[in-house]
Every structure is written in structure tokens, then in C-alpha cells.
Amino acid sequence: MHKARFTLDPAFTVGEVNPRLFGSFVEHLGRCVYTGIFEPGHPTADAAGLRQDVLDLVRELGVTAIRYPGGNFVSGYKWEDSVGPVEDRPRRLDLAWRSTETNRFGLSEYIAFLKKVGPQAEPMMALNLGTRGVAEALELQEYANHPAGTALSDLRAAHGDKDPFGINLWCLGNEMDGPWQTGHKTAQEYGRVAAETARAMRQIDPGVELVACGSSSQSMPTFAAWEATVLEETYDLVDHISLHAYYQPEDGDLDSFLASAVGMESFIENVVATADHIGAKLKSKKKINLSFDEWNVWYISEWHEIENSGARDWAEAPRLLEDNYSVMDAVVFGSLLIALLRHADRVTVACLAQLVNVIAPIMTEPGGPAWRQTTFFPFAQASRYGRGRVLDVRVDSPTYETKKYGETDLLHATAVRAEDGTVTVFAVNRSRTDALPLDIALNGLDLTRVVEHSALADADPDARNTLDDPERVAPHAVDGTALRDGTLSAVLEPLSWNVIRLA
């Protein structure tokens, strides 16, 4: 049996993990909001209509920044519809998802939800630069953030929110490179409106953090050229450029699916190269960071079948994109988390899309229970133990051949050193059939024991948690992992996500 190996040394690091790496995403799409986080009349609902069972799971998941209200939804969004007395809010057609939006849950409710999640939950507000522009962005900024004494700040207070919302992180539109986007623009058109909006917002608050739209995926025909054009217009005005990526098996090719993080790492590195090229061209010392503000496993081909059938009919909160994730999906998902951590020096925001029901780690039934999907566990463990400084991990691993990515390592791994000196190793074995022995040399880390080795794996790679069997899959303890003479030895089960904690 061939072994995998790597060395950890505190002298060789990638960068500090920004807590925003463990962000998520709430869009007015399907049942993410309605009967997801918000269901007045549910047995667990509080006075504001927020489901307490869902809030408990969101806290356990450990999410930080939560992006809102979209997504494609935001390109037709009128923020004014979502404030004030609920009974006065208009019903609108949502072109993005061919649904009817009631606006019963709006801006104030979103901020109240974040406060109940906890102090770690930071607002990340997306602006409509599809059908609207600079003026509406400034109005929303004033309504949300100005303390008092203006028409819009006083209107917020009259609506029951005396204190400003304190939204500091803003997305300048969503996927504006995509022809599917309401108000789709060319890179030149978008770059100009993004720059104008950013410049104006900084006149109100020079300290705002702004995310410019990058490409919707690396496969877009305009990829890299889009980033370059947009950043030439906005480089000195924005802090981040966005990336979006979703992964699924294509034509039954499971080996390539298991290597999805190879594609994610390539995407990240290509965007960094493009951004740094523009920085060099502009002779700027500033570095643009990356906001990977939509990522997940998503069986998008199944959605396209529904979309192309013409079956959608402007329903309220229809069941859309409710993928049920398997153990294999969770292993790929964990590998994507590893990819983000491995680039923590430049990926400073990331948002799992989405939080509840819609391609989500948390599922609910209207009037019924909430439960954890298989993908819940890698995210919760990474958020809990992946805080600190990422160590530079360069694996020596057995490989396998993939159709999409060529020769690929069976081991995908990273490690994070916490402030107290403890280290957590996150590792995936991509082999569907064989266990993978792993040796890790520990140099200068003063570690003496294995606190825990847990794995998410199952004899049935298609095992999943469902309404009828919500606890079918969960991480389990692994025996035999040992630390002797400065070397950690472990065996990674076939098709597994592993968390090894050392102290």
C-alpha cells in the first residue's frame, strides 16, 4: 500500500484565516427564506417568525458573513419593497427564479436574524446594479447606515430600527457577466457603473469594503478578460473581486468529480494572477483579495431540466434546488473547503451557497423538523477548528488518472495552527476503493498527542440524511492514529473527509 506524506513546519505558512472564509448566503430563492429561516406559526418560531431549530443549527454550523438578498434575485430587487410595515409591502414578480416575492421578510428582518445568530454573523449586502444603479445604492446605504437626521435614516427609525445596521461589506451587483442576469452588461459597461457606485459610496463612508463582480465561472467565454477590464476601471476603488463556482459529476465521471478542488484551486490562482497583472500594469502596491462568495456542490443539470420544462408558474417559495447530498458529495465539499484554506492569503471572504434548503447544509420541512445534510459536518468542523494560520502543505501522494484534470493526487490536505499552538489537519482521500496511509513529519511544532481523529465515510458512498432518516450519516472516531518521534501516522478510509487534531 503506497503512503502519502507531507511535512508541517511553523516557519512555512500560507496566511492567516479570515473568519469570513466561513460565510454563507441567504437568497430569496425557493425555500431558503420562507419555511427555511422564516416560518411564522412553526412550533419553534419566535415572535419574529424565525425558526429556533434552524437558528440552533446555523449557530452549530459556525457561519460568519451572510450574503443577502442574492444572487440572481438581487438584479430585480427594490430595497424599498423590503422595509416598513409588512402589511404595506408589495408583492413582486421575481424574474430570476420565476417566483412571486411577498417581501414579508426584508432588510430589517435580515439584520434581526443576524443578531440572533450571534456576533460572528456579519451582514454582506448585495446591490442591484442590474436594473438599478448609483442613486439607489446610495439611498440604501443611507437608509441602512446613517445614524440620524436625514430623510432615509429617519425613515429607518420610523420603521422601528433606531440604530444603524452597520453594513460594511457590499457586493457591487451579482454575476453581471452572465447573459441570464437581469440587466446583464459587458465588462466595460459593468466596470464603469461599478466604479461610479464605489466612488459615490466612499463619499458617504471611505471605510466601506466593496466586492466587484468577477466571472460567474472559469468556463465563461469572457473569463480573465472580464476581470482585467473590470479591475482596470475599479482597482483603486474596490477591495475584492468575486468568484462563483459549482461542481457536479459530469457524464458519470466520478473520478473527476472527486478532484473538483483541482478546478477550484486553478480558478483562484488564475484570478490572483489576473488581478496582480492589472495591479502591476497600474503600478499599484495594493493587492486585490478574492471573495469566493458562491461555492458548493450543485447538481445544476437537474435544475436546467426543470428550468427548460416551462413548469414554473410564479409560485410563492416553491421547492427549488433542494439537492440531497451523499457521502461522496460531502467528501468533495470538504475538499473544496481545503482548497479555500490553502489560499487563505488571498481568499478573504467565501460564502457557501446557500444556508437552508437551497443546495444547503440545513434542510427543513414546513411545520416539521430541521436536519443536517452530509455537507453540514465538514463545514462545521472547518469553521470550528480552521481558525489560525494555514501551514504550507505540499503533499507527496499516490496519484490517479482523471479525465478532466489528468493525473491527480489521491490526498488533498491542509493544516491550520491555532493561536495556542494546536494544529488541525484536514485531509481527503479521493480513492473510492483503497485506504490511504499517511505520515506527517512535524518540525518545530511542539506537539505531543492526538486529540481526535474523526472521519466522514461510509460503506455506501450514496448514503445521505433525509427527513425519514436524518441521522444516517455523521462523522465517526478513527482508532490507531498515533504521534511518535515527531511523526504522525494515520490511515485514511476510502472516500473520506478527515479531521485530525493535535496538541
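**Close-up legends**

**View A. A polar contact of 2.8 Å links the side chains of Asp53 and Arg51.** A quick note on the views: this is a predicted model, where local features need pLDDT of at least 70 and side-chain atom pairs count only at pLDDT 80 or more, while totals for chains, interfaces and linings use all residues. Residues are numbered from 1 along each chain as its sequence is written, and side-chain values use heavy atoms, with hydrogens and water left out. Asp53 sits in helix H1 (residues 52-61); helices (H or I, at least four residues) and strands (E, at least two) are DSSP runs, numbered from the N terminus. The Asp53 side chain has another polar contact, to the side chain of Thr44 at 3.1 Å. Polar contact here means a pair of N or O atoms within 3.5 Å; within protein, one must be able to donate a hydrogen and the other to accept it, and residues adjacent in sequence count only if both atoms are side-chain atoms. Is Asp53 buried or exposed? Asp53 is buried, at a relative accessible area of 17% (buried is under 20%, exposed over 50%, partly exposed in between, with a 1.4 Å probe and protein chains only). Leaving out residues up to four places away in sequence, Asp53 touches His42, Thr44, Gly368, Pro369 and Ala370 (contact means heavy atoms within 4.5 Å).

**View B. Thr422 occupies the loop between strand S18 (411-417) and strand S19 (423-429).** Thr422 is partly exposed, with 28% relative accessibility. The side chain of Thr422 makes a polar contact of 2.7 Å with the side chain of Asp420. Beyond four places in sequence, Thr422 is in contact with Val416, Arg417, Leu447, Leu502 and Ala503.

**View C. Thr234 belongs to helix H6 (residues 225-234).** Thr234 counts as buried, with 0% relative accessibility. Setting aside neighbours within four places in sequence, the residues in contact with Thr234 are Gly191, Ala194, Ala195 and Ala212.

**View D. Helix H11 (residues 376-385) is largely enclosed by the rest of the structure, because nine of its 10 residues are buried.** Which residues of H11 are buried? They are Phe376, Phe377, Pro378, Phe379, Ala380, Gln381, Ala382, Ser383 and Tyr385.

**View E. The largest cavity has a volume of about 90 Å³.** On a 1 Å grid over the protein atoms alone, a cavity is a set of points where a 1.4 Å probe fits but cannot get out, and lining residues have an atom within 4 Å of a point. Grid points are joined across faces, edges and corners, and a volume is the space filled by probe spheres set on the points. The lining consists of His28, Leu29, Gly30, Tyr34, Asp94, Ser99, Thr100, Glu101, Ala317 and Pro318. Strand S6 (residues 99-101) supplies the largest share of this lining, three residues. By class, the lining has four nonpolar, four polar and two charged residues (Ala, Val, Leu, Ile, Met, Phe, Trp, Tyr, Cys and Pro count as nonpolar, Asp, Glu, Lys and Arg as charged, and the others, Gly among them, as polar).

**View F. The second largest cavity has a volume of about 70 Å³.** Lining this one are Tyr77, Trp79, Leu127, Asn128, Arg132, Gly133, Glu136, Ala137 and Leu140. Five of these lining residues are nonpolar, two are polar and two are charged. In the whole structure, the search turns up three cavities of 30 Å³ or more.

**View G. The largest pocket holds about 1000 Å³ of space.** A pocket is an open set of grid points with protein on both sides within 12 Å along at least five of seven lines. The pocket has 44 lining residues, with Ser216, Ser217, Ser219, Tyr246 and Ile300 nearest its centre. Elements giving two or more residues to this lining are strand S10 (240-247), helix H7 (254-258), helix H8 (260-281) and helix H9 (300-309). The lining splits into 21 nonpolar, 13 polar and 10 charged residues.

**View H. For context, the chain has 11 helices and 25 strands.** Of its 503 residues, 59% are buried. The C-alpha trace spans about 70 × 60 × 45 Å along its principal axes.
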